[in-house]
Amino acid sequence: MQKLVALYKRWKGQEPLLTEKLPGAGSNRAYYRLSDADGGTVIGVIGTSRDENHAFIYLAEHFNKRQLPVPQVLAVDDDELRYLQVDLGNLSLFEAIKGGRDAGGRYNQREKELLKKVVRELPNIQMRGARGLDWSNCYPQPVFDTESVLFDLNYFKYCFLKPTDLDFHELKLEANFRLLAKDLTSEPGESFLYRDFQARNVMLVEDEEGAQKPYFIDFQGGRKGPFYYDLASFLWQASAKYPNKLRRELIYEYYLSLRNYVEVPSKRHFVDQLSLFVLFRTLQVLGAYGFRGYFERKKHFIDSIPPAIQNLRELLGLTDSHISPFTTHLLQQYPYMMDMLRRLTELPQFAQIEEPALSRADGYKTTDKNVYQAHPMDGPATYSKYDNKGPLVVRVFSFSYRKGIPEDESGNGGGYVFDCRSTHNPGRYEPYKKLTGLDEPVIRFLEDDGEILTFLEQIYKLADHHVARYIQRGFTSLMFSFGCTGGQHRSVYCAQHLAEHIHRKYGVEVRICHREQEINQVLESKD
């Protein structure tokens with residue numbers, strides 16, 4: 001500390017009036033706010049690694065030359081173990097979006113706009129920051145390569161996975177690790193890989209117009225590498241609890257911003273590559289939490305393990321409310337590793353608490369009747385008089401719009417009504433005029449055309465969510481109706497297929513009424 005004060009005195013010409021130690025984070029570096037008699041402040045940093053400090057000092061000077069939003073280094077000690085930098089204040093992005101985080105991921109518009117502003121700025125430092133950069137100054141290595149990937153994956157294996165006592169085949173896992181490492185480094189990475197890009201490392205400073213401008217700090221671990229890494233690191237930060245919809249919006253904002261700097265890959269390729277880095281970053285974070293938490297016994301990291309495991313569940317598609325768009329791609333690429341990770345999430349010490357998943361094997365019955373955890377911001381709960389009446393009966397109708405929408409005999413309002421008239425109509429062709437959507441020639445016509453399948457695919461998703469929630473709440477009646485011109489072909493096909501889909505998946509009683517054909521059918525409950 002005395003040497004830091006001496007450095008300040010050489011730079012300022014006088015000793016600091018006040019010295020305040022700032023709260024530490026995950027590293028071994030110590031930060032101090034040094035104040036003068038006029039109220040001016042700077043940040044003093046004491047590091048334990050000369051190479052790490054040198055990396056930050058070099059990168060900060062390089063980024064400032066490129067006019068990037070990073071703190072300026074004001075003075076450096078001869079041994080580079082201490083330096084002074086501009087004070088960017090106390091407001092980090094992490095603190096600025098605390099309200100949304102505390103509300104379980106319900107971010108307001110102001111918080112969302114801050115996140116979008118930061119994500120749009122990221123390609124600026126990644127791409128412009130890489131231009132003219134001497135990578136040999138990076139610490140602990142200049143480039144993201146296979147060796148560094150395997151180091152982090154083994155860090156996860158030894159510091160997190162093995163302490164759980166999960167049984168796994170080490171050679172099979174190692175084979176998948178090597179395949180993942182190869183895939184992660186398959187594309188040339190010509191950008192600056194920040195490596196620790198998270199909300200805590202973004203400071204918000206008011207500009208002359210009163211707007212909050214993001215500044216980036218703690219980039220001393222950066223190196224040459226692929227740009228996907230930082231986006232995955234930021235959006236899948238375990239404690240942030242970003243909802244999937246917000247993640248998708250931020251990914252799109254980043255993708256649009258990236259186009260201003262480089263030629264971007266196709267959206268499909270971008271998402272596939274991003275999925276690899278989300279998986280890798282999740283394992284890397286668990287490795288760090290395991291070491292800092294299990295071995296160093298630091299409470300912050302132990303407390304961070306459950307949300308990180310929840311991130312892993314979502315990535316694997318194991319939660320009902322967060323179906324990952326990455327899951328199928330990853331399962332195909334690394335089957336053994338993905339199965340091992342699934343078993344990891346099922347260990348008793350990682351039992352899910354906050355969002356109990358639905359059990360498909362039990363017909364979407366929940367293991368916890370309190371499906372949605374209360375939050376103080378929600379106020380007292382109220383309940384419907386139809387709750388817990390069960391069992392559910394689903395009624396599915398086909399009809400002709402010429403004769404009106406079917407009436408709802410239950411008094412619940414009629415449910416969903418879907419208009420099939422936008423799809424190709426077999427009734428316009430002579431061979432099908434006297435047939436219905438239950439007959440094989442009409443079914444073949446509709447399915448070969450394919451338009452009706454795309455139409456139904458979206459309806460299945462909507463119906464699945466609705467039926468599952470009605471079962472959870474113990475509601476007794478749900479109605480779906482499909483209309484077309486004559487109520488003979490398209491509506492009959494759709495009604496029959498949705499009814500069979502719901503019965504097959506949920507086992508509830510489904511009553512089918514093809515009104516214009518005077519056909520009624522009951523698919524009995526499997527319970």
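Student: How many aromatic pairs does the structure hold?

Tutor: This is a predicted model, and the structure holds 36 aromatic pairs.

Student: What is the geometry of the pair formed by phenylalanine 144 and tyrosine 229?

Tutor: That aromatic pair is edge-to-face, with 5.9 Å centre to centre and 70° between the planes.

Student: Where do phenylalanine 144 and tyrosine 229 lie?

Tutor: Phenylalanine 144 is in the loop between helix H5 (109–128) and helix H6 (146–161), while tyrosine 229 is in helix H8 (residues 228–235), so the pair ties together parts that are 85 residues apart in sequence.

Student: Buried or exposed, those two, phenylalanine 144 and tyrosine 229?

Tutor: Phenylalanine 144 and tyrosine 229 are both buried.

Student: OK, next pair. How are tyrosine 194 and phenylalanine 197 arranged?

Tutor: Tyrosine 194 and phenylalanine 197 pair edge-to-face, at 5.3 Å centre to centre and 70° between the planes.

Student: Why is tyrosine 194 counted as buried?

Tutor: Because its relative accessible area is 1%, and the cut-off for buried is under 20%. Phenylalanine 197 is buried as well, at 0% relative accessibility.

Student: Which residues form one aromatic cluster with Tyr194 and Phe197?

Tutor: The cluster also takes in Phe56, Phe63, Tyr83, Tyr107, Phe192, Phe216, Phe219, Phe234 and Tyr242.

Student: Switching to charges: what lies over the face of phenylalanine 56?

Tutor: Arginine 29 does, at 5.9 Å from the ring centre. Phenylalanine 56 is also one of the cluster residues.

Student: And which ring does the charged end of arginine 101 sit over?

Tutor: The ring of phenylalanine 94, 3.6 Å from its centre.

Conventions. Residues are numbered from 1 along each chain as its sequence is written. This is a predicted model: local features need pLDDT of at least 70, side-chain atom pairs count only at pLDDT 80 or more; totals for chains, interfaces and linings use all residues. Side-chain values use heavy atoms; hydrogens and water are left out. Rings of Phe, Tyr and Trp (its six-membered ring) pair if their centres lie within 6.5 Å; planes under 30 degrees apart count as stacked, over 60 as edge-to-face and the rest as tilted. Helices (H or I, at least four residues) and strands (E, at least two) are DSSP runs, numbered from the N terminus. Buried means under 20% relative accessible area, exposed over 50%, partly exposed in between (1.4 Å probe, protein chains only). A charge sits over a ring if NZ of Lys or CZ of Arg is within 6 Å of the ring centre and within 35 degrees of the ring normal.
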